[in-house]
Amino acid sequence: ATKKKVFFITVDDGYTKQQAALDYIAARRLPVTTFLTRAAVNGEWGYFKKFSAYDAVQNHSMTHKALSLSTTNKDYEICEAQRLYAAKYGVRPWILRPPYGAGFMPERSTAPAIKAVAASCGIKDVALWNVTVSAAGKVSYASGGKLEAGDIVLMHFEGDVARNLKKIVALGQAQGLTPASLSAFLPR
């Protein structure tokens, strides 16, 4: 929660690598928090360093398995990702976005166990979302029907990422909001 007139843009996974998105981020110095899944990165670590140049790369797991499932190795999914991302980017992530929000949305029964594993390897916060932008650019709101201060926007590396970034920034500006760094609001 914040009274500041800001919102937060987050992008998950890492499948689509689009130069136009990098160009837009660089031109605007746009803070975007990237939640990577190692399986989606496909070895293109440098792309995501540039994509997150004005914010940070955070943890979205190794293989995108639902962390709420008893069959999911939570230590591997969360803690191995921590080690890998720290090695690739020189900073250990401190925010987790659980794939699908599993364990946190809508059920919360497995959240304590997931948080315990996450905390054991350096995660301090879990970031969910309340606004989504689909690959086709459709914006959906959890409530309110408009972008509001403190909203966390979820996008994915799919579709026309540059177009979708431009769209959500324009919607924010229409509401008098500025994109801000989620990592700065949830510091280590």
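Guide: Let us begin with a definition: a pocket is an open set of grid points with protein on both sides within 12 Å along at least five of seven lines. Please keep in mind that this model is predicted.

Visitor: What volume does the largest pocket have?

Guide: The largest pocket has a volume of about 210 Å³.

Visitor: Which residues line the largest pocket, and how do they divide into nonpolar, polar and charged?

Guide: The lining is formed by Lys49, Ser52, Ala53, Asp55, Ala56, Val57, Tyr85, Tyr89, Val91, Pro93, Trp94 and Arg188. Of these lining residues, eight are nonpolar, one is polar and three are charged.

Visitor: Let us turn to the strands. How many residues of strand E2 are buried?

Guide: A residue counts as buried when its relative accessible area is under 20%. Strand E2, residues 32-36, is mostly covered, with five of its five residues buried. Val32, Thr34 and Leu36 point one way from E2, while Thr33 and Phe35 point the other way.

Visitor: Which strands are joined to E2 by bridges?

Guide: Two strands pair if at least two bridges are found between them. Strand E1, residues 6-13, runs parallel to E2 and is joined to it by five bridges; here threonine 10 has threonine 33 as its bridge partner. Strand E3, residues 57-59, also runs parallel to E2, with three bridges between them, and leucine 36 stands opposite asparagine 59.

Visitor: What unit do E1, helix H1 and E2 make?

Guide: Together E1, helix H1 (residues 19-28) and E2 make a right-handed β-α-β unit.

Visitor: How many aromatic pairs does a search of the whole structure find?

Guide: The search finds seven aromatic pairs. In one of them, the rings of phenylalanine 8 and phenylalanine 185 have their centres 4.9 Å apart and their planes at 70°. Planes over 60 degrees apart count as edge-to-face, so this pair is edge-to-face. The pair links distant parts of the chain, since phenylalanine 8 lies in strand E1 and phenylalanine 185 in helix H7 (residues 182-185), 177 residues apart.

Visitor: Why is the pair of tyrosine 47 and phenylalanine 48 edge-to-face?

Guide: Their ring centres are 5.1 Å apart and their planes stand at 80°, so the pair is edge-to-face. Both tyrosine 47 and phenylalanine 48 are buried. Tyr47, Phe48, Phe51 and Phe157 form one aromatic cluster.

Definitions and conventions: Residues numbered from 1 in each chain as written. Predicted model: local features only at pLDDT ≥ 70, side-chain atom pairs only at ≥ 80, totals over all residues. Heavy atoms only, no water. 1 Å grid on protein atoms, 1.4 Å probe; cavity = no way out; pocket = protein on both sides within 12 Å on 5 of 7 lines; lining within 4 Å. Points joined across faces, edges and corners; volume = space filled by probe spheres on them. Nonpolar A, V, L, I, M, F, W, Y, C, P; charged D, E, K, R; others polar. Buried < 20%, exposed > 50% of the residue type's maximum accessible area, 1.4 Å probe, protein only. Helix = DSSP H or I, 4+ residues; strand = E, 2+ residues; numbered from the N terminus. Right-handed = clockwise from strand over helix to strand, strands pointing away. Phe/Tyr/Trp six-rings, centres within 6.5 Å; stacked < 30°, edge-to-face > 60°.
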